[in-house]
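My notes follow in the order in which I looked things up.

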Amino acid sequence: MGLGLAAFLFAAGCSRSPAPPSPEFEQASRRWTALYAQKLDDAYLDPSIGEIEAKLQRVPADSVDSLASQSLLQRIQEGRTRMQAAQEDQRRAVASAATQPTMDPSSTDFPRQAEPVEAEPVDAGPADAGVIAGPQTGTPASELVAGFEGCFTRGTAVNVEGRGMRDTWQLSDRASCQLGYPSHRDSVLLVEDGRVLALLPRSAVRTVRRYEDGGTVPANDGGR
């Protein structure tokens, strides 16, 4: 009787050792780690996820990996549910955007955009009314020296009533100058304060000779 009781007490004091690691969990865990590293959250919707779940479900309940396999299985299931909901939200948003009615400006308070108005052609005047070539009133006298192809030369001074003696310039007799500046052929350029004051007809100009002592005589007076 004493021996039997001792044997019972010895058996009750011994704990049962856990089952060895599960090869199913090892395989499932390795495949899941590689798949998630490649696709991140898209891995939850990958077709191969079903095989991983199947291996996790085959892990024995008494295995040291049982708790870890159940935790991974729950994580996969929750992740799949979350990704499926996100996909559905995206699908609805795209469908809603595709069915939005086209806005009709006539049925809103937005002002209708003004129609472009074609500009009326500007009347440029007669076709032959171009810019007159050559110096004009206001042209700097310095341009007469080196500009206009050297076609203007200094003329004799004229006595302008109320202004005194003023220098004049005139068009050169060279054929190229006569052809290039035809409007200046019979004109005299009157210069005052460093600029062309006026263009005068040659017939209106009375030329004089100016001497070193400041005196002047008409050119047709012969110096008398």
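**Entry 1: helix 3.** I started with helix 3 (residues 49-57), where Ile49, Ile52, Glu53, Lys55 and Leu56 are buried. Buried means under 20% relative accessible area, exposed over 50%, and partly exposed in between (1.4 Å probe, protein chains only). Looking down the axis of helix 3, I found these buried residues within an arc of 160 degrees, so they line one face of the helix. The arc is that of the directions from the helix axis to the C-beta atoms. Helices (H or I, at least four residues) and strands (E, at least two) are DSSP runs, numbered from the N terminus.

**Entry 2: ground rules.** The model is predicted: local features need pLDDT of at least 70, side-chain atom pairs count only at pLDDT 80 or more, and totals for chains, interfaces and linings use all residues. Residues are numbered from 1 along each chain as its sequence is written, and side-chain values use heavy atoms, with hydrogens and water left out.

**Entry 3: helix 2.** Next I looked up helix 2 (residues 23-39). Its 17 residues reach 24 Å from first C-alpha to last, close to the 24 Å expected at 1.5 Å a residue. The expected span is 1.5 Å times one less than the number of residues. Phe25, Ala28, Trp32 and Leu35 are buried in helix 2. They cover an arc of only 105 degrees around the axis, which puts them on the same side of helix 2. An α-helix has 3.6 residues a turn, so residues three or four places apart point the same way. On the other side of helix 2, I noted Glu26, Arg30, Ala37 and Gln38 as exposed. Just after the helix, Leu40 has a positive phi of about 55 degrees.

**Entry 4: whole chain.** I then stepped back. The chain has 6 helices and 8 strands, in the order α-α-α-α-α-β-β-β-β-α-β-β-β-β. Of its 224 residues, 23% count as buried.

**Entry 5: strand 5.** Is strand 5 (residues 187-192) enclosed or open? I found 6 of its 6 residues buried, so the strand is largely enclosed by the rest of the structure. Ser187, Leu189 and Val191 point one way, Val188, Leu190 and Glu192 the other.

Two strands pair if DSSP finds at least two bridges between them. Strand 4 (residues 168-171) runs antiparallel to strand 5, with 3 bridges; Thr168 stands opposite Leu190. Strand 6 (residues 195-201) is also antiparallel to strand 5, over 6 bridges. There, Val191 has Val196 as its bridge partner. Strands 5 and 6 form a hairpin with 2 residues between them, and Asp193 in the turn has a positive phi of about 55 degrees.

**Entry 6: His184.** This residue sits in the loop between helix 6 (175-180) and strand 5. His184 is buried, at 1% relative accessible area. Its side chain makes a polar contact of 3.1 Å with that of Ser183. A polar contact is a pair of N or O atoms within 3.5 Å; within protein, one must be able to donate a hydrogen and the other to accept it, and residues adjacent in sequence count only if both atoms are side-chain atoms. Leaving aside neighbours within four places in sequence, I listed contacts (heavy atoms within 4.5 Å) of His184 including Phe152, Leu171, Leu189 and Leu199.

**Entry 7: Leu144.** Last, I looked at Leu144 in helix 5 (residues 141-146). Leu144 is buried, with a relative accessible area of 0%. Not counting residues up to four places away, Leu144 touches Pro135, Phe152, Trp169, Leu189, Val191 and Val196.
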